[in-house]
Amino acid sequence: MDDLFRNTPGCDAAAKPSVPVACAVLTVSDTRDLANDRGGNAVVSYLEQAGHTIVERHLVADDIDAIRRYVSLVRVGQEAEALLITGGTGIAPRDLTCEALETLYTKPLPGYGELLRMLSYHDIGPAAMLSRASGGLVGQLVVLSMPGSVKAVELAMQKIIVPQLSHLVREANKS
């Protein structure tokens with residue numbers, strides 16, 4: 001795990017979160033279930049290795065209303081401080097995660113999606129533009145979406161989310 005932080009600019013092993021974040025993990029898919037959800041399993045694994053807590057793991061179909069309902073439940077429950085979503089961020093007709101989230105954001109974090117696409121470009125070239133991954137706050141809940149592919153999840157978790165999650169939550173909860 002130390003390599004995860006060592007290979008990220010501005011991060012080292014000492015940057016591990018001093019305060020664990022309570023996280024909900026959501027997979028958006030019409031074809032996966034929790035047993036074969038490799039992307040969602042990777043999200044959980046990276047969070048747990050970094051010392052964060054998984055308070056909920058769920059899967060919903062590629063449906064705008066189902067996604068919005070789930071985000072609203074997480075927000076109302078106040079148990080989770082961050083919601084990490086995998087799947088539904090591409091351009092296929094059934095990819096609806098972004099449409100569901102963008103109307104819920106009280107503060108969008110455009111830099112998250114931009115940074116993920118930039119890092120993806122170095123790995124996969126111009127196909128990185130097919131990802132519409134986004135991030136934002138829904139109230140004080142940090143919401144970050146990423147593609148469903150395991151490689152994209154690994155990139156997002158290693159280079160962006162794990163190194164910054166505690167900081168994001170701390171900033172979202174400042175008074």
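This report walks through the sheet, the helices packed on it and the nonpolar cores of a predicted model.

## Ground rules

In this predicted model, local features need pLDDT of at least 70 and side-chain atom pairs count only at pLDDT 80 or more, while totals for chains, interfaces and linings use all residues. Residues are numbered from 1 along each chain as its sequence is written, and side-chain values use heavy atoms, leaving out hydrogens and water.

## The sheet

Let's start with the strands (DSSP E runs of at least two residues, numbered from the N terminus, as are helices, which are H or I runs of at least four). Six of them form an open sheet with mixed pairing, in the order E2-E1-E3-E6-E5-E4; two strands pair if DSSP finds at least two bridges between them. Strand E2 (53-60) and strand E4 (107-108) are at the edges with a single partner strand each, so one side of each has no neighbour in the sheet.

E1 and E3 run parallel, joined by 5 bridges.

## The kinked helix

H6 lies across E1, E3, E5 and E6. What is centred on leucine 165 in H6? A kink of about 55°, the bend being the angle between axes fitted to the seven residues ending there and the seven starting there.

## The cores

The largest nonpolar core has 29 residues. Such a core is a set of buried Ala, Val, Leu, Ile, Met, Phe, Trp, Tyr and Cys residues joined through side-chain atoms within 4.5 Å, where buried means under 20% relative accessible area (1.4 Å probe, protein chains only). H6 gives the most to this core, with 10 residues.

A second, separate core of 19 residues includes Leu26, Val28, Ala80 and Val143.

How values were computed: Buried means under 20% relative accessible area, exposed over 50%, partly exposed in between (1.4 Å probe, protein chains only). Contact means heavy atoms within 4.5 Å. Axes are lines fitted to C-alpha atoms, for helices over the stretch in contact, and angles run from 0 to 180 degrees between N-to-C directions.
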